[in-house]
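Student: I have a model open and want to learn how to read its features. Where do we begin?
Tutor: With the display, then one feature at a time.

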Amino acid sequence: MTTLVLGGAGFIGRHVAAALAKRGHSVVIGSRHPSRAPRRLPAGLHGCERREVHLERLGSPEAWKPLLRGVDTVVNAVGILRERGAETYERVHHLAPAALAAACARGAIRLVHVSALGLHAGARSGFLTSKLAGERAISACGSNYSIVRPSLLDGEGGYGALWFRRVARWPVHFLPADARGRIDALDVGEFGEAIAALCEKRDACYWHEVELGGGLPRSIGDYLAALRPAGRRPALRILVSAWLARLASHVFDLVHFSPLSFGHIELMRRDNVPHPNRLSELLGRAPARIGCAPRLPAPAKLGLPGAYGWRAVLRNVIPFFVLLLAAPHLDSWSWALSPLIGLFEYRITIVMHDCIHRSLFTSPPLNERVGKLLGCVTGIDFASFSRQHLLHHRLYGRPGDPQGFHYVGLKGATRAAFAWHLLRPLLGFNLGHALAESFLRPRNLAAAARSGEIFALAAIQLAILVIVTGGGARLWLAALPFASAATFGLFFSQLRGIAEHAAGGDDAEAANVRSHAPHWLDRVLLYDLSFNYHKEHHLYPHYSSHDLAALHGRLAGPELVEASMFRTLRALASHRA
């Protein structure tokens, strides 16, 4: 594979180039000053081809054509902190990446674009708005692309990283009063490795938007404290009023001093934490921690390879098929099994959930294969289910959350409205939301036909039909599995979703999540695979569910979890008019 790394002599680009070369790939360095590049490149990259690239001049797909000659993949690691002459935010962050994406689409070239976390439509900084416009243009171009959003990068040679470590040594830390967001710093070397691994993923359907962090979210003040050399007394923290911090950032932008720009002042007001964090998945290991804070426990290895995952599959799939076998022998009582059949279909989706995060088995391909087979059992398209669920991790409780129909908007509901919301899935009212992930959606069925997955789907669904109808003797039972999933399955799913995410009291709906103590009734009806530790899962989605209880013990401290999911549901219902 031949990869053009734009900004290949820069802080990010040279680590990406080194990681690609280490994997045996050919690297082309794209730089504004190719002749000067060797001064900043490691010795192993001095022999790489170098091409002169000025993004401010590359505003059309045709302009990119000669630069993309002989290239299979492009990594765009170019960004500017402040504008200089013709190098404007609009040209470098928006117009040039848009033209590059169009050129890559025409040439069937894979594009990996490095962006940033925390971009939002309401931003006033040109730095942020131009990056967001660039992302949107790339996603609309139809190319084989991945947009990578890292949190703060730490490492030798980084302008911002150098300043953070310098400020950490000061006796006083001046912090903007409205800098309430958290960061999740990661090592730039590991970021380079992750980008190299991402370049090798030729099918980008699961990798269009990739968010990366070191796995230890902290406030700016706590991060500076973690960087402070051991043995020094803690620094005095002084909060600087928001208007004064903003004024200072504008002055710094004017004189090009320090990495504190107005764009970064805006970023610090919001969390810059990945949801979900896919760094471990790309590295194949837990990431290094930045600073002096103690490490979180690494995911424990299973005693027997795959034992944990296979037990989860069998304890949910076997009862499901046993119930289907029993149905044709109960005559007029067959439909009485519908609640149990729906329950186990729902529980199978929990197992699929761990396959999405590649955390049920130690082998990522095995997670995907099992997830797809379980999808053929439940009638859920695993690829669509994955996309929707990963979007939920980014937006839970916010507009656009694909699972928000379970719990968003309930905060102000009356007791009667809340009760109706709880019960409406039993009448099939949630089916419309679930169809987006179902094989009943023509788009999903067509994708299964193209991939060949449709043959497994047809075989498994035919087996289910034969079993539940007693070999065709009771055809009126053919609808039993579907009807059970569409009513009772979605009912149990919604109960758990409300318990985990619905806001009550003074809680905000956005990003609201709670954990629950283990409880036998919850475990039977609402969760499997330590799903009760849901807050921990959202904080560290790359951790196996096998390790969530231990992770909770490290993170929770004196904080108590809720007693049970059903008690949470009762509490949410009782505090209403």
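**Salt bridges, packing and backbone**

Tutor: Glu 135, Arg 149, Glu 209 and Glu 211 are linked in a network of salt bridges. A salt bridge is a side-chain nitrogen of Lys or Arg within 4 Å of a carboxyl oxygen of Asp or Glu. This is a predicted model: local features need pLDDT of at least 70, side-chain atom pairs count only at pLDDT 80 or more, and totals for chains, interfaces and linings use all residues. Residues are numbered from 1 along each chain as its sequence is written, and side-chain values use heavy atoms, with hydrogens and water left out.

Student: How many salt bridges does a search of the whole structure find?
Tutor: The search finds 22. Arg 149 lies in strand 6 (residues 145-150) and Glu 209 in strand 11 (residues 209-212), so the pair ties together parts 60 residues apart in sequence. Helices (H or I, at least four residues) and strands (E, at least two) are DSSP runs, numbered from the N terminus.

Student: Is Arg 149 buried or exposed?
Tutor: Buried means under 20% relative accessible area, exposed over 50%, and partly exposed in between (1.4 Å probe, protein chains only). Arg 149 counts as buried, at 6%. Glu 209 is partly exposed, at 37%.

Student: Which residue forms a salt bridge with Asp 331?
Tutor: Arg 474 does, with the closest N and O atoms 3.3 Å apart. The pair links distant parts of the chain, 143 residues apart: Asp 331 sits in the loop between helix 11 (307-326) and helix 12, Arg 474 in the loop between helix 18 (453-468) and helix 19. Asp 331 is partly exposed at 42% relative accessibility, and Arg 474 is partly exposed at 26%.

Student: What should I note in the backbone of Asp 331?
Tutor: Its phi. Asp 331 has a positive phi of about 55 degrees, although it is not a glycine. Ser 530 also belongs on your list: its phi is near 60 degrees, a positive value in a residue other than glycine. Ser 530 lies in the loop between helix 20 (520-525) and helix 21 (534-539).

Student: Where is there a cis peptide bond?
Tutor: It joins His 275 and Pro 276, with omega about -5 degrees. Pro 276 is in the loop between helix 9 (262-267) and helix 10 (279-283).

Student: At what angle do helix 12 and helix 19 pack?
Tutor: Axes are lines fitted to C-alpha atoms, for helices over the stretch in contact, and angles run from 0 to 180 degrees between N-to-C directions. Helix 12 (residues 338-356) and helix 19 (residues 480-501) pack at about 65 degrees, with their axes 7 Å apart. Contact means heavy atoms within 4.5 Å. The residues making it include Gly 342 and Tyr 346 of helix 12, and Ala 485 and Phe 488 of helix 19.

Student: Which residues make the nonpolar surface patch?
Tutor: Patches are made of residues with over 30% relative accessible area and no salt bridge: like charges are joined within 9 Å, nonpolar side chains (Val, Leu, Ile, Met, Phe, Trp, Tyr) within 5 Å. Areas come from the Shrake-Rupley method with a 1.4 Å probe; for residues, only the protein chains shown count as cover. Here Trp 243, Leu 244, Leu 247, Val 251, Leu 254, Val 255 and Phe 257 make a patch of about 750 Å². Leu 247 is in helix 8 (residues 242-255).
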